[in-house]
Amino acid sequence: MEKDIYILGIESSCDETSVAVVKNGREVLSNIINSQIKIHENYGGVVPEIASRCHTEVINRIMKESLKTANVCLNDIDAIAVTQGPGLVGALLVGVSYAKGLSYVTKKPLVAVNHIEGHIAGNYLTHKDLKPPFICLIISGGHTHLVNVKSYNDFEILGKTRDDAVGEAFDKVARVVGLGYPGGPKVDNLAKEGEPNIKLPITHFDNLDFSFSGIKTAVINLNHKTPNINKADLCASFQLAVTTMLESNVRKAIKEYHSDKIVIAGGVSRNSFIRKSFDDLAKDLNIKVYYPEPILCTDNAAMIAASGYYNYINGERAKLNLNAIPNLKIGE
Ligand code: KG4
Ligand code: ZN
């Protein structure tokens, strides 16, 4: 029997400090997440300097809690996986420095993880049978990517946003209609009470890129010019238009790459309307659709440990001069 591999994952790219223990890349033994949402809520968005300070304050406690919950000690860990980027540089540096210190002291190998690849790997934890190749749509607060996942370590970007990320547009829309931060879940809930009866601009390109700044601006202007506009209808219409744009590129990619599955990842994949729409699309195209369970959609360290596992068994090791890369590209 092969030896089990335990990866300690560390995530601090934005406003969640998280440490997790994952067995064999598929089984979550612990996934402790300390969200700073309550703090950043007061400012209407993430304040980078505050995020870094909060990470520093809690990271050691979260690490200990994670080991305790998983019922393992540092000695049982095979490697330490940490988010190297993309993300806020100060926030990333807390996790990277902590992981390097831990690696030095314990003499355990250090593995660098790309946060976007981590989001994709979140699906491996929910769906034990899921294996590449597949097409993946990553929709989060900072990223909107359509990726051909050729293997666990080989990624080809098919399309990405040319301006705002989907989650960014959700958060902005929520703010202008007065729902507060973080907006995604609030737009999702309010939209359930409305009808998608307001026409909003849809942007398409010849390739598989996306653009959400046009629809974001249209919602801001409409809300400004029509103060009595039905906010629930506006949210429902916004979600429909965004989903139409996402679906259109996914359909093209599925056709072009003859894929029989679509995998969705990232914080916005928690959205109930988007899930329902992709369920329908999958039925229509006779393909399978996968989403991570909700807690693995938004930022967490279990997905970083899962991605780190595949980097680790691929022989990838980081040195102690590892640096955070705020604009790290997928596949780099
Ligand atoms: O993946 P994530 O935690 O962070 C990034 O890597 O960016 O995603 C956070 C984003 C936020 O923009 C948040 O508003 C959005 O995910 N989000 C949602 C929902 N839940 C979280 N957007 C739409 N509907 C939701 N239910
Ligand atoms: Zn993320």
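The legends below describe close-up views of a predicted model. Local features require pLDDT of at least 70 and side-chain atom pairs pLDDT 80 or more, whereas totals for chains, interfaces and linings use all residues. Residues are numbered from 1 along each chain as its sequence is written, chains are lettered from A and ligands numbered from 1 in the order in which they are written, and side-chain values use heavy atoms, without hydrogens and water.

**View 1. The shell around ligand 1.** Ligand 1 has 18 residues around it, and Gly141, Gly142, Asp171, Asp188 and Asp299 come nearest (near: a heavy atom within 4 Å). The shell comprises four nonpolar, 10 polar and four charged residues, with Gly counted as polar and Asp as charged. Helix H4 (115-126), helix H5 (166-176) and helix H6 (183-191) each contribute at least two of the shell residues (helices: DSSP runs, H or I, of at least four residues).

View 2. Oxygen atoms of ligand 1 lie 2.8 Å from a backbone N or O atom of Gly141 and 3.0 Å from a backbone N or O atom of Asp299. A nitrogen atom of ligand 1 is 2.9 Å from a side-chain N or O atom of Asp188. The protein buries 90% of the 560 Å² that ligand 1 exposes when taken alone (Shrake-Rupley method, 1.4 Å probe).

View 3. The whole structure holds seven aromatic pairs (ring centres within 6.5 Å). Tyr124 and Tyr310 form an edge-to-face pair, 5.5 Å centre to centre with 65° between the planes (edge-to-face: over 60 degrees). This pair links Tyr124 in helix H4 to Tyr310 in helix H11 (residues 301-313), 186 residues apart.

Technical notes:
Polar contact = N/O pair within 3.5 Å; in protein donor to acceptor, adjacent residues only side chain to side chain. Phe/Tyr/Trp six-rings, centres within 6.5 Å; stacked < 30°, edge-to-face > 60°.
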